[in-house]
Amino acid sequence: DQTFIRHALVLRVRAMLRRPRPEGAAESHRLTAGSLVVDTNAREVWLDESRVELTRTEFELLLALITQPGTAKSRRELITQVWGDEWLGDEHLVDVHIGNLRRKIHDDPADPRFIHTVRGVGYKLRSVQ
């Protein structure tokens, strides 16, 4: 049904427009956390000078975490930033995508360099200078 498709598209666009943008994105399009570099303009991720292939969802999750390093983000906050306010479903979907992201950036959950689990809350990106 075209009405449903049109409505879904409008909701997605609205959700994307609500997403926070990194401050100073016009001046600098690279966000770093140690050897992890996220180029927001090119939508590329580099680890130890090697390019890391991420899905759109993995990239958006990493972007949500790297724009506020050291800040714990709940699963609901991450869902809102990546999928939008209207998304309904199991919030543990975030865990699956974080697991995939961790594998791709070689981040051991038992001894993480980048993405830390905040028990009972969600995740945060370690503040690395």
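Visitor: Which residue takes a positive phi in the hairpin of E2 and E3, and how many residues lie between the strands?

Guide: Strands here are DSSP runs of E with at least two residues, helices are runs of H or I with at least four, and both are numbered from the N terminus. In the hairpin of E2 and E3, 4 residues lie between the strands, and arginine 43 has a positive phi near 55°. Please keep in mind that this is a predicted model, in which local features need pLDDT of at least 70 and side-chain atom pairs count only at pLDDT 80 or more, while totals for chains, interfaces and linings use all residues. Residues are numbered from 1 along each chain as its sequence is written, and side-chain values use heavy atoms, with hydrogens and water left out.

Visitor: How many bridges join E2 to E3, and do the strands run parallel or antiparallel?

Guide: As a general idea, strands of a sheet pair through backbone hydrogen bonds, either parallel or antiparallel. Two strands are said to pair if DSSP finds at least two bridges between them. Here E2 (residues 36-39) and E3 run antiparallel and are joined by 4 bridges. Within this pairing, valine 37 stands opposite tryptophan 46, and aspartate 39 has glutamate 44 as its bridge partner in E3.

Visitor: In what order do the strands of the open sheet stand?

Guide: The open sheet is made of 4 strands in the order E1-E2-E3-E4, with antiparallel pairing. E1 and E4 are the edge strands, each with a single partner, so one side of each has no neighbour in the sheet. From one strand to the next the twist averages 25°. Helix H2 packs on this sheet, touching E1, E2 and E3, and its direction makes about 110° with that of E2; such angles run from 0 to 180 degrees between N-to-C directions, with axes fitted as lines to C-alpha atoms, for helices over the stretch in contact.

Visitor: Which residues of E3 are on the covered face, and which are on the uncovered one?

Guide: In E3 (residues 44-47), Val45 and Leu47 belong to the covered face, whereas Glu44 and Trp46 belong to the uncovered one.

Visitor: Which residues have the most contacts inside the largest nonpolar core?

Guide: A nonpolar core is a set of buried Ala, Val, Leu, Ile, Met, Phe, Trp, Tyr and Cys residues joined through side-chain atoms within 4.5 Å, where buried means under 20% relative accessible area, exposed means over 50%, and partly exposed lies in between, with a 1.4 Å probe and protein chains only. The largest such core has 27 residues, and those with the most contacts inside it are Val45, Leu62, Ile105, Phe114, Ile115 and Leu125. Several elements each supply at least two of its residues, among them E1, E2, E3 and H2, and H2 gives the most, with 7 residues. Contact means heavy atoms within 4.5 Å, and, leaving aside residues up to four places away in sequence, phenylalanine 114 touches residues including Leu36, Leu47, Ile105 and Leu125.

Visitor: Where do charged side chains form a network of salt bridges?

Guide: A salt bridge is a side-chain nitrogen of Lys or Arg within 4 Å of a carboxyl oxygen of Asp or Glu, and the whole structure holds 7 of them. Glu44, Arg51 and Glu53 are linked in a network: arginine 51 meets glutamate 44 at 3.7 Å, N to O, and also bridges to glutamate 53, with the closest N and O atoms 3.3 Å apart. Glutamate 53 counts as exposed because its relative accessibility is 53%, whereas arginine 51, at 43%, counts as partly exposed, as does glutamate 44, at 22%.

Visitor: Which parts does the salt bridge of aspartate 95 and arginine 75 tie together?

Guide: The closest N and O atoms of this pair are 2.8 Å apart. Aspartate 95 lies in H4 (residues 93-104) and arginine 75 in H3 (residues 75-82), so the pair ties together parts that are 20 residues apart in sequence. Aspartate 95 is partly exposed, at 23%, while arginine 75 is buried, at 18%.
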